[in-house]
Amino acid sequence: MKKILISGFITGCILFVCSYGGLYLAVRFFPALFTEYNNPLFNSDGNRDLLFYLHAFIFSFALAWFWDRFKSLFKGPFLLKGIEFGLVYSIVALLPVMWISFSALDVTIAMVLSWFGYGLMQAIVAGIILAKINP
């Protein structure tokens, strides 16, 4: 359990920095996509912002447990294991969530694809980190 908590915390810190940097770059290079967030669906009064920033840690602890449970199924060097892990997570968990989000919410396909890409990149980065620090 200690290994899961430590690797989850390390992964969470790295994902937090990568996610914040990625968000900054995405807004800078794809501003039209982010104008879609001026929608009542995404209106927040600010009292839940901390939950948004904690996302990287919640995600990392969940993936650290998942990695520890199933790491024996992934073969090869740590880089390949991490990429495969991220792809498996994305197909099994992320794709169905994006499907239901697009079908149930008033959002564009571009927005949902950006969410999927963001989640995929997070999962691959987390997979590579976890494969390296918890082989």
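Student: What share of the 135 residues in the chain is buried?

Tutor: Buried means under 20% relative accessible area, exposed over 50%, and partly exposed in between, with a 1.4 Å probe and protein chains only. Here, buried residues make up 29% of the 135 in the chain. Bear in mind that this is a predicted model, where local features need pLDDT of at least 70, side-chain atom pairs count only at pLDDT 80 or more, and totals for chains, interfaces and linings use all residues. Residues are numbered from 1 along each chain as its sequence is written, and side-chain values use heavy atoms, with hydrogens and water left out.

Student: How many helices and strands are there in the chain?

Tutor: Helices (H or I, at least four residues) and strands (E, at least two) are DSSP runs, numbered from the N terminus. This chain has five helices and zero strands, giving the pattern α-α-α-α-α along the sequence.

Student: Where is S19 placed, and is S19 buried or exposed?

Tutor: S19 belongs to helix α1, residues 2-29. Its relative accessibility is 11%, so S19 counts as buried.

Student: Which residues is S19 in contact with, leaving aside neighbours within four places in sequence?

Tutor: Contact means heavy atoms within 4.5 Å. With those neighbours set aside, S19 is in contact with Y118 and Q122. For the chain, residues 24 or more positions apart account for 79% of the contacts with a separation of 6 or more.

Student: What does the C-alpha trace span along its principal axes?

Tutor: The trace spans about 45 × 30 × 25 Å.
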